[in-house]
Amino acid sequence: MVQLPEARDVAPRLATGAFLLNSGLTKLRADQATAQAVHGMACTAYPFLEKLPAERFTRLLACSEIAVGSALLAPLVPTRLAGLALTGFSSGLVGLYLRLPGMRKPGSLLPTQEGIVLAKDSWMLGIGLGFLSAPCRRSATRRSARHGRRHGCCRR
C-alpha cells in the first residue's frame with residue numbers, strides 16, 4: 001500500500017520542490033556566461049570540480065535540482081527518501097556558503113549582503129533534516145499483525 005505524505009509535510013514539500021524544480025529548469029537554459037559564473041563559484045568552494053567543463057557542471061547541477069525537486073513534488077516518493085535527497089543536495093549548498101570568501105561576516109555565521117543569496121539555502125537543509133527525523137509509518141495491517149504476534153492480545 002502506498003503511503004501519501006502526512007499533511008504537515010505537504011506545504012514544505014510543495015514549496016521546496018517547486019523552488020528547486022524552477023531553479024533546475026532555469027539552469028538547463030543557462031547561457032555560456034551563466035554556466036561559467038556558476039561553475040567558477042562552485043570551483044572556488046570545491047576545487048575538484050575544475051575537472052568538469054562549465055556547461056557540463058551546470059547541466060548536472062540543473063538535473064540534480066530537477067530530480068530533487070521532482071522527488072519532493074511527487075506524493076508517491078516517501079517523505080524520508082525525499083528528505084534524504086534534499087539533505088544531501090542542500091548540504092553542498094550550505095558548504096558553498098561556508099567556504100566562499102566574502103559570504104559571511106568575519107568570525108561569524110551571519111551572512112554579508114552578498115552572502116544572503118547562499119545563506120537562504122540553510123532552510124532547505126533544515127527541511128531535509130526535519131523530513132529525515134519524521135517517524136517511519138507502517139500500514140495499519142502490518143502494525144496490528146505485528147502487535148498481535150508480540151503481545152498475543154489480538155489472536156483468537
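The legends below describe close-up views of a predicted model.

View 1. Read from the N terminus, the order of elements is α-α-α-α-α-α-α. The chain has 156 residues, and 34% of them are buried. Its accessible surface comes to about 9600 Å², with 64% of that area belonging to carbon and sulfur atoms. Among contacts between residues at least 6 apart in sequence, 65% join residues at least 24 apart.

**View 2. Helix α3 covers residues 54-73.** This helix has 20 residues. From its first C-alpha to its last, α3 reaches 28 Å, close to the 28 Å expected at 1.5 Å a residue. The buried residues of α3 are A54, F57, T58, L61, A62, E65, I66, V68, G69, A71 and L72. The cover over these buried residues includes α1 (7-28), α2 (32-45), α4 and α6 (122-132).

**View 3. A82 sits in helix α4, which spans residues 79-99.** Is A82 buried or exposed? A82 has a relative accessible area of 1%, so this residue counts as buried, the cut-off being under 20%. Leaving aside residues up to four places away in sequence, A82 touches R13, A71, L72 and V77. Of these, A71 and L72 are also listed among the buried residues of α3. The C-alpha atoms of A82 and F131 are separated by 7.7 Å, although the two residues are 49 residues apart along the chain.

**View 4. The largest pocket has a volume of about 530 Å³.** The pocket is lined by 26 residues, and the closest to its centre are K27, V38, L61, L93 and L96. One of these, L61, is also a buried residue of α3.

**View 5. Several helices supply the lining of the largest pocket.** At least two lining residues come from each of α1, α2, α3, α4 and α5 (116-119). Which helix gives the largest share of the lining? That helix is α3, with 5 residues. What classes of residue make up the lining? By class, the lining has 18 nonpolar, 3 polar and 5 charged residues.

Notes: Residues numbered from 1 in each chain as written. Predicted model: local features only at pLDDT ≥ 70, side-chain atom pairs only at ≥ 80, totals over all residues. Heavy atoms only, no water. Helix = DSSP H or I, 4+ residues; strand = E, 2+ residues; numbered from the N terminus. Buried < 20%, exposed > 50% of the residue type's maximum accessible area, 1.4 Å probe, protein only. Contact = heavy atoms within 4.5 Å. Areas by Shrake-Rupley, 256 points an atom, 1.4 Å probe, with all protein chains shown as cover. Expected span 1.5 Å × (residues − 1). 1 Å grid on protein atoms, 1.4 Å probe; cavity = no way out; pocket = protein on both sides within 12 Å on 5 of 7 lines; lining within 4 Å. Points joined across faces, edges and corners; volume = space filled by probe spheres on them. Nonpolar A, V, L, I, M, F, W, Y, C, P; charged D, E, K, R; others polar.
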